[in-house]
Amino acid sequence: MVKAMTNSEWDSCDFAILTITQEWNKEQQERIERIKPFSDDFSLLSMIYSEQSITFYKDDNEFCPDSAELLDGMDWSYIEIDEETIEKLSVPENRLISHAVQFVKNGYGYYQVYGKHTGEEFWTSEIPLFELVK
C-alpha cells in the first residue's frame, strides 16, 4: 500500500495498492541494474517504464474511511489483502491510463497514471524499490 495523490480539482486519490509477485520482483531487479551504470550521470533524472501492477484508490465513507490511519504516517507499508476486499475499495472517478513507474538513480521510484479524458495526473509517494525487491 502506497500513499497516492492527484492534481485533480474534482477527483480524489489517497492510496494505491502495488501487487508484488515473483515476476514483478525479477523485473524490478533488472530495471534497477539497468539504471546503475548511469548513477554518475548528473543530467539523468530517471528512467520510465510502462507498469500495470498498481491500482489507485480513494478513501470512502464506508469500507476505507481513512487510508492514512492504515499507513500510520508512512508513505508505504506491506499489507495482505484478498480479492474480495479489493473489489470493495473505491477507485477515482477518472478512467486511469498510461500506467508507468519512474526509476530514480538511487533505487527509489514512484508510480504515475493519467486521467484518460482529463489529463489529470495521479501519482504515488516515492518508495525504495531496491528494498522491495530483496
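## Charge

The protein chain carries 11 positive and 27 negative side chains, and the centres of these two sets are 8 Å apart.

## Basis of the model

This is a predicted model, in which local features need pLDDT of at least 70 and side-chain atom pairs count only at pLDDT 80 or more, whereas totals for chains, interfaces and linings use all residues. Residues are numbered from 1 along each chain as its sequence is written, and side-chain values use heavy atoms, with hydrogens and water left out.

## Fold

Four helices and eight strands make up the secondary structure of the protein chain, in the sequence order β-β-α-β-β-α-α-β-β-β-β-α; these are DSSP runs, with helices (H or I) of at least four residues and strands (E) of at least two, numbered from the N terminus.

Of the 134 residues, 40% count as buried, a term that means under 20% relative accessible area, with exposed over 50% and partly exposed in between (1.4 Å probe, protein chains only).

## Ile32

Ile32 lies in helix H1, which spans residues 22–35, and is buried, with a relative accessible area of 8%. Leaving aside residues up to four places away in sequence, Ile32 touches Phe103, Leu129, Phe130 and Val133, where contact means heavy atoms within 4.5 Å. The C-alpha atoms of Ile32 and Asp60, by comparison, are separated by 35 Å, the two residues being 28 apart along the chain.

Definitions and conventions:
Lys and Arg count as positive and Asp and Glu as negative; His and the chain ends are not counted. The place of a charge is taken as NZ of Lys, CZ of Arg, CG of Asp or CD of Glu.
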